[in-house]
There are 2 protein chains.
Amino acid sequence: MRLDAFDRKILAILQKDNTTPQRTIGEAVNLSAPAVQRRIKRMTEEGVIRANVAVVDPVALGQSITIFVEVEVISETAAQIEAAKREFAAAPEIQQCYYVTGEADFILVVVVPAMADYEALTRRLFFGNNNVKRFRTFVAMDRVKVGLGVPVEGY
Amino acid sequence: MRLDAFDRKILAILQKDNTTPQRTIGEAVNLSAPAVQRRIKRMTEEGVIRANVAVVDPVALGQSITIFVEVEVISETAAQIEAAKREFAAAPEIQQCYYVTGEADFILVVVVPAMADYEALTRRLFFGNNNVKRFRTFVAMDRVKVGLGVPVEGY
DNA sequence: TCTCCGGACGAAACAAACTTGCAAAACAGA
DNA sequence: TCTGTTTTGCAAGTTTGTTTCGTCCGGAGA
């Protein structure tokens with residue numbers, strides 16, 4: 001279904017703070033609270049809104065290390081790729097996993113309490129997987145900007 | 001402040017769905033609704049909970065291309081790095097920006113409607129910045145797993 | 001051991017937000 | 001223009017969030 005300007009503006013607000021009262025959203029977009037509520041409900045049912053989540057500070061939880069990993073595989077058959085996707089997706093330390101084009105095949109974002117945990121992960125997922133040709137590690141020193149939002153334009 | 005097992009369990013729930021009623025959370029963790037409410041309030045004030053956001057499907061918004069970029073800079077003085085951080089953080093297309101160690105200095109996650117928009121971004125931020133030595137692009141073909149959560153353990 | 005004190009809890013009362021039914025307005029196609 | 005469809009706003013009803021208040025538990029000091 002097509003999203004109109006109201007929907008996009010509502011999404012822009014919810015991506016910043018989904019605890020904003022519908023009445024407040026309504027005032028911002030010039031719509032009544034029930035109208036806002038119905039649009040949110042519809043977008044949720046249609047999958048435009050995938051989830052509503054709290055963003056937690058990793059440092060507060062003692063899970064302070066964020067690591068990017070580029071993974072290159074040996075065999076890129078559909079079956080092998082699917083197997084790798086499943087394996088990466090199943091690991092709780094892997095917060096984000098993308099299958100990409102370029103000089104690598106996968107890019108992972110890993111969050112762990114300490115480097116030792118990352119080493120354990122590499123042994124388990126990379127050295128223990130003989131389809132992994134090579135992987136390259138980048139340790140985050142500063143999370144300058146962290147968002148999962150989608151830029152909303154055209155309203 | 002130290003988080004106990006109740007806090008961690010509450011966080012685990014809120015990271016999945018922060019619209020869960022406090023009463024329901026209370027039943028899950030064996031606490032009354034007001035107790036849950038007080039803990040959430042405290043964790044929000046302390047910054048453990050950074051934000052409450054809706055996760056939107058980029059495809060639904062027509063912003064379907066996700067791109068990873070490794071950026072290497074020429075000069076790594078503190079002033080230059082801070083300038084780069086500010087510039088990257090200010091770009092709305094850049095959803096995530098990390099300052100990292102390894103073979104690159106920054107890793108960016110860019111979300112744009114089309115490749116042409118990414119090209120415009122490269123001209124503006126990379127070719128237009130004479131401190132950028134080199135950048136490498138990875139286009140996501142499949143967002144296998146997308147999360148900003150933090151693994152919660154020990155409860 | 002006893003008492004005091006601070007912190008956290010649960011029950012209940014209260015306030016705010018969400019949800020639904022319904023009639024009217026806006027809109028698209030014939 | 002007319003009609004059918006869709007969406008809106010209002011108001012009532014329901015659920016959820018918040019505050020209050022009295023109680024309990026655990027530690028510090030006499």
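A polar contact is a pair of N or O atoms within 3.5 Å. In this predicted model, a backbone N or O atom of Gln22(B) meets that cut-off, at 2.8 Å from a phosphate oxygen of DNA strand D. Two side chains of chain B also reach phosphate. A polar side-chain atom of Arg23(B) lies 3.3 Å from a phosphate oxygen of DNA strand D.

Chain A places Leu31(A), Ser32(A), Pro34(A), Ala35(A), Arg38(A) and Arg39(A) around DNA strand D. Chain B places Pro21(B), Gln22(B), Arg23(B), Pro34(B), Gln37(B) and Arg38(B) there. Of the atoms of DNA strand D that come within 4 Å of the protein, 59% belong to sugar and phosphate. By class, five residues of the surface are nonpolar, three are polar and four are charged.

Three helices each supply at least two residues of the surface near DNA strand D: α3 (33-46) of chain A, and α2 (22-29) and α3 (33-46) of chain B. The most comes from α3(A), with four residues. In chain A, UniProt lists residues 3-64 as "domain: HTH asnC-type", in an unreviewed entry. This span is 55% helix and 13% strand. Its end C-alpha atoms lie 38 Å apart.

Aromatic contacts were examined next. A pair of aromatic rings is described by the distance of the centres and the angle of the planes. Over all chains, the count comes to 12 aromatic pairs. One of them is formed by Phe68(A) and Tyr98(B), with 4.8 Å centre to centre and 70° between the planes. The pair is edge-to-face, because planes over 60 degrees apart fall in that class. Phe68(A) lies in strand β2 (residues 65-73) of chain A and Tyr98(B) in strand β3 (residues 94-101) of chain B, so this pair joins two chains. Both partners are buried: Phe68(A) has a relative accessibility of 1%, and Tyr98(B) has a relative accessible area of 3%.

Tyr99(B) and Phe106(B) form another aromatic pair. Their ring centres are 5.2 Å apart, and the planes are tilted at 40°. Tyr99(B) is buried at 13% relative accessibility. Phe106(B) is buried at 0%.

In chain A, ring pairs also build a cluster. Its members are Phe88(A), Tyr99(A), Phe106(A), Phe126(A), Phe127(A) and Phe135(A).

Terms used. Residues are numbered from 1 along each chain as its sequence is written. Chains are lettered from A and ligands numbered from 1 in the order in which they are written. This is a predicted model: local features need pLDDT of at least 70, side-chain atom pairs count only at pLDDT 80 or more; totals for chains, interfaces and linings use all residues. Side-chain values use heavy atoms; hydrogens and water are left out. A residue is near a molecule or strand if one of its heavy atoms lies within 4 Å of it. A polar contact is a pair of N or O atoms within 3.5 Å; within protein, one must be able to donate a hydrogen and the other to accept it, and residues adjacent in sequence count only if both atoms are side-chain atoms. Ala, Val, Leu, Ile, Met, Phe, Trp, Tyr, Cys and Pro count as nonpolar, Asp, Glu, Lys and Arg as charged, and the others, Gly among them, as polar. UniProt positions are given in the numbering used here, feature names are shortened, and annotations may be inferred rather than shown by experiment. Rings of Phe, Tyr and Trp (its six-membered ring) pair if their centres lie within 6.5 Å; planes under 30 degrees apart count as stacked, over 60 as edge-to-face and the rest as tilted. Buried means under 20% relative accessible area, exposed over 50%, partly exposed in between (1.4 Å probe, protein chains only).
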